[in-house]
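Trainee: I would like to go through some labels and ask what stands behind each of them.
Mentor: Go ahead, and we will set each value against its cut-off.

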Amino acid sequence: AAVLAVLRPLMAAPAETACDRSPDLCGPVILVPGVMGSRLRQHSRVPGALQTTSSHLWLPESHRLLARSAVTSGVLGGFYRAWVRSLNPKGRDRWAIVEPDRANWGVKGVACILKAGRECVTAAKVFWDMVVQLERAGYRAGNNLFGVPYDWRLPPTENKLCADLATVLHHITNATGHRKA
């Protein structure tokens with residue numbers, strides 16, 4: 001009986017949100033970050049191999065170690081310089097593909113560019129706090145909350161920002177209940 005008393009609040013229906021009460025007031029929100037505000041992922045494949053590896057290019061999980069190594073050690077500073085060179089879109093490995101993190105309708109790629117566990121590193125928050133508040137109000141990714149991350153290292157003619165934004169607008173006006181965009 002004691003276990004049931006503890007579990008009952010956890011099993012209760014979720015609280016009604018502002019969007020549940022007034023769905024017309026919760027029109028679509030599209031988050032477009034500024035330069036360096038999109039999380040970039042690099043996918044690499046060794047020639048002849050079937051397996052692909054994937055990692056964050058901007059910001060990598062090891063950014064603190066890389067930044068520290070640039071200051072404190074000539075030996076580890078080489079890793080930092082190699083990472084900085086890897087950000088150059090013209091100097092890419094031909095077997096590597098770099099693209100914005102478009103997971104969860106792009107919200108993941110614009111909310112936070114570096115997480116430590118489940119929390120966003122304070123200095124890496126882009127739209128993190130805004131996304132948290134919108135979700136508390138009842139906004140949901142793919143329904144009325146969208147992100148448009150882009151590869152900010154490329155010139156506007158190559159970074160697909162306009163095409164990705166057009167895709168999101170098309171989805172909002174055609175696949176959701178929101179007709180005014």
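Mentor: Start with Lys160, which lies in the loop between strand S7 (145-147) and helix H7 (161-175). Keep in mind that this is a predicted model.

Trainee: Why does Lys160 count as exposed?
Mentor: Its relative accessibility is 55%. Exposed means over 50%, so Lys160 counts as exposed.

Trainee: What is there to say about the phi of Lys160?
Mentor: Phi of Lys160 is near 65 degrees, a positive value in a residue other than glycine. Most residues other than glycine have a negative phi. Asn104 is another case, with a positive phi of about 60 degrees although it is not a glycine.

Trainee: Where is Asn104 found, and why is it called partly exposed?
Mentor: Asn104 is in the loop between S4 and H5. Its relative accessible area is 44%. Buried means under 20% and exposed over 50%, with partly exposed in between, so Asn104 is partly exposed. Ala103 lies in that loop too, between strand S4 (96-100) and helix H5 (107-111), and Ala103 is partly exposed at 31%.

Trainee: What makes the pair of Trp105 and Phe146 edge-to-face?
Mentor: The ring centres of Trp105 and Phe146 are 5.7 Å apart and the planes stand at 90 degrees. Rings pair if their centres lie within 6.5 Å, and planes over 60 degrees apart count as edge-to-face. Both conditions hold, so the pair is edge-to-face. A search of the whole structure finds 1 aromatic pair.

Trainee: How do you know that this pair links distant parts of the chain?
Mentor: Trp105 is in the loop between S4 and H5 and Phe146 is in strand S7, 41 residues apart.

Trainee: Are Trp105 and Phe146 buried, exposed or partly exposed?
Mentor: Trp105 has a relative accessible area of 40% and is partly exposed. Phe146 has 0%; buried means under 20%, so Phe146 is buried.

Trainee: Why is the contact of Arg102 with Asp164 called a salt bridge?
Mentor: The closest N and O atoms of Arg102 and Asp164 are 2.8 Å apart. The cut-off is 4 Å between a side-chain nitrogen of Lys or Arg and a carboxyl oxygen of Asp or Glu, so the pair qualifies as a salt bridge. Arg102 lies in the loop between S4 and H5 and Asp164 in helix H7, so the pair ties together parts that are 62 residues apart in sequence.

Trainee: Why is Asp164 called buried and Arg102 partly exposed?
Mentor: Asp164 is at 17%, and buried means under 20%, so Asp164 counts as buried. Arg102, at 35%, counts as partly exposed.

Trainee: How many salt bridges does a search of the whole structure find?
Mentor: The search finds 4. Among them, Asp129 pairs with Lys125, the closest N and O atoms being 3.3 Å apart. Asp129 is partly exposed at 45%, and Lys125 is partly exposed at 32%. Another joins Asp151 and Arg153 at 2.8 Å, and both of these residues are buried.

Trainee: Which residues touch the most other members of the largest nonpolar core?
Mentor: Of its 14 residues, they are Leu31, Phe127, Trp128, Val131, Tyr139 and Leu145. The elements giving two or more residues to this core are H5 and helix H6 (128-137).

Conventions: Residues are numbered from 1 along each chain as its sequence is written. This is a predicted model: local features need pLDDT of at least 70, side-chain atom pairs count only at pLDDT 80 or more; totals for chains, interfaces and linings use all residues. Side-chain values use heavy atoms; hydrogens and water are left out. Helices (H or I, at least four residues) and strands (E, at least two) are DSSP runs, numbered from the N terminus. Buried means under 20% relative accessible area, exposed over 50%, partly exposed in between (1.4 Å probe, protein chains only). A nonpolar core is a set of buried Ala, Val, Leu, Ile, Met, Phe, Trp, Tyr and Cys residues joined through side-chain atoms within 4.5 Å. Rings of Phe, Tyr and Trp (its six-membered ring) pair if their centres lie within 6.5 Å; planes under 30 degrees apart count as stacked, over 60 as edge-to-face and the rest as tilted.
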